[in-house]
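Hi,

Here is the structure I promised to send over. Have a look at it first, and my notes on the helix packing follow below.

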Amino acid sequence: MTQTHVFDVVIVGGGGAGLMAALNASRSAKTAVLSKLYPTRSHTGAAQGGIGAALGNLEEDHWEWHAFDTVKGSDYLGDQDAIEFMCREAVQAVYDLEHFGLPFSRTADGRIAQRPFGGHTNNLTKKPVRRSCYAADRTGHMILQTLYQQCIKNGINFYDEFQVLDLILSDGKAAGVVAVELATGELHVFHSKAVVFATGGHGRMWEITSNAYAYTGDGVAITLRNGIPAEDMEFFQFHPTGIYKLGILITEAVRGEGGILFNGKGERFMERYAPTIKDLASRDVISRAIYLEIKEGRGINGKDYVYLDVRPETVNKYAELDGRTRPDGTPYRVTAEEILSKIPDITDFCRTYLGVDPVKDPMPIQPTAHYAMGGIPTNKYGEVVVDDQGTVLPGLYAAGECACVSVHGANRLGTNSLVDLVVFGKYAGIKAAEYAKGADLPRLPADPDAGVRRQLDNLLNGSGRERAAQIGRELRKVMMDDVGVFRTEEGLKQAVEKVRELRERYKQVRVSDGGKIFNTELLNTWELGCLLDAALVTAVSALERKESRGAHAREDYPRRDDENWLKHTLAWLNEDGSVRLGYKPVVITQYAPKERVY
């Protein structure tokens with residue numbers, strides 16, 4: 001028998017965005033957080049290098065500069081009203097985290113320490129600016145722990161290891177969600193006035209990825225299946241510095257502390273691609289540069305990786321060549337001890353997985369699928385919008401990586417993922433609670449879990465002619481080969497055809513484990529269905545966008561085309577598996593699009 005629970009606000013996801021929403025909603029509304037993981041295992045904990053905010057603790061900085069860098073980083077596809085809102089709010093958001101107890105790294109006089117990051121500049125001199133507020137290289141981990149402690153203090157209701165499988169809509173409004181309890185296999189209906197999705201990204205559809213196994217696009221897939229479009233899914237960021245073959249991220253902070261990229265000929269190759277800002281160019285620019293170096297035979301020993309070098313002698317040499325100084329104007333020099341103190345986790349990763357000590361040896365790296373710029377369309381208050389007119393679906397909100405505000409546009413600026421989740425998580429929670437206060441509990445459909453039972457029955461009783469693991473392998477390969485750093489018409493057509501084929505084969509999968517308790521095979525197979533839906537929408541959107549912009553790089557259309565493509569993609573997934581595309585304009589306030597150079 002399905003259990004029913006009643007709350008004012010239900011939040012799906014226990015990462016940074018979900019916890020921030022819960023913290024703010026719970027001040028005036030009865031709130032529940034549903035998470036398929038224990039919350040402190042959420043992927044926010046993997047964010048390393050910092051959260052961007054123009055505090056100006058070490059040098060002059062302004063939120064307007066942060067906003068311009070974000071607009072430029074987005075390749076002018078970000079909505080500028082939302083970007084300005086986020087960058088203005090970022091300063092207070094960081095101070096709020098500090099007051100919650102987050103142990104930021106400190107300057108000698110006790111202020112929050114800041115470091116340079118890719119694409120962050122002094123808008124007057126065009127030189128790197130120290131804007132990233134950090135806690136060593138564990139910033140996301142510290143945010144997650146801090147917010148979770150605050151939520152526990154506030155008495156928020158947590159349902160850990162409950163996987164949400166469907167959204168309940170009633171009379172055109174959100175009415176709750178359906179979830180399965182992992183420990184028992186039983187279904188639960190969470191009846192509520194407002195629902196906030198904070199389910200993270202969908203990077204597990206690529207072969208080499210920095211994303212956790214839980215990042216399977218659940219929120220985007222569930223909303224797609226309920227008639228809500230996905231926005232800008234063709235834009236997925238490949239972070240330039242993932243550990244070779246593993247995809248585990250080496251934070252941009254390594255380059256912020258002076259790390260240099262070298263090819264197989266020992267050349268500092270970023271001077272060719274971004275002569276002003278070099279190794280601190282934006283992520284899409286560096287990922288493409290690495291790909292081109294490898295393609296032209298300049299990988300290390302002819303292989304498909306390059307080196308990231310943060311050895312003190314290298315850092316000091318190139319800091320002198322670049323004229324880099326410390327905040328007090330003295331030459332920038334580092335010791336091995338300083339490097340180790342600022343990137344302890346990265347050092348441990350490299351020693352553990354590569355047998356490489358970063359203060360003695362260069363690190364082998366390659367681009368890794370990292371972050372979804374696209375997702376569930378929202379406005380700057382986290383309200384989900386369902387068309388090109390900004391129509392809000394009452395009671396439904398989204399925040400964090402699963403949402404598309406859009407502040408990241410075609411390419412996210414480093415540190416803005418954490419800014420995004422604390423700023424928009426906060427406002428999604430506030431607005432959800434405000435909505436719940438003035439709304440009646442919506443009517444539940446007669447059989448709210450019928451659709452979920454159907455999905456699970458199909459997986460348990462399929463023909464068994466196909467294996468989920470094989471479908472997953474083929475999906476990851478085609479996405480990596482044809483919907484990766486560089487794309488072509490031919491490759492994208494192949495990808496669309498292949499993903500359609502895989503979605504059909506998925507219907508023939510049968511889960512062999514018929515048990516109820518922690519049936520991970522069943523849930524992993526359900527998650528694969530989410531990835532297939534998200535991948536189809538991604539590939540179709542990418543095929544149609546005939547230009548290169550940010551993370552969407554078309555070899556057959558190498559130029560940005562503002563006349564035809566300065567617009568957001570909206571994609572609807574129809575019941576028959578077809579995808580319908582629509583478009584909406586980019587919001588431009590004061591920054592007219594121009595050529596993007598670093």
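**Helix packing notes**

Helices α14 and α16 cross in a left-handed way (left-handed if the near helix is turned anticlockwise from the far one by less than a right angle, right-handed if clockwise). Helix α14 covers residues 468-482 and α16 residues 520-544; their axes come within 11 Å and cross at roughly 25°. Because of that angle, α14 is roughly parallel to α16 (under 35 degrees is roughly parallel, over 145 roughly antiparallel, 65 to 115 roughly perpendicular and the rest oblique). From α14, the contact uses Ala 468, Ile 471, Gly 472, Leu 475 and Met 479, and from α16 Thr 525, Leu 528, Leu 531, Leu 532, Ala 535 and Thr 538 (contact means heavy atoms within 4.5 Å). Eight of these residues are nonpolar, three are polar and none is charged (Ala, Val, Leu, Ile, Met, Phe, Trp, Tyr, Cys and Pro count as nonpolar, Asp, Glu, Lys and Arg as charged, the others, Gly among them, as polar).

A word on the basis: this is a predicted model, where local features need pLDDT of at least 70, side-chain atom pairs count only at pLDDT 80 or more, and totals for chains, interfaces and linings use all residues. Residues are numbered from 1 along each chain as its sequence is written, and side-chain values use heavy atoms, with hydrogens and water left out. Helices are DSSP runs (H or I, at least four residues), numbered from the N terminus. Axes are lines fitted to C-alpha atoms, for helices over the stretch in contact, with angles from 0 to 180 degrees between N-to-C directions.

Next, α3 (residues 80-100) has its axis 9 Å from that of α2 (residues 63-73), at an angle of about 140°, so the two are oblique to each other. Their crossing is right-handed. Trp 63, His 66, Ala 67, Thr 70 and Val 71 of α2 touch α3, whose contact residues include Gln 80, Ile 83 and Met 86.

Finally, just after α8, Gly 297 has a positive phi of about 85°.

Best wishes
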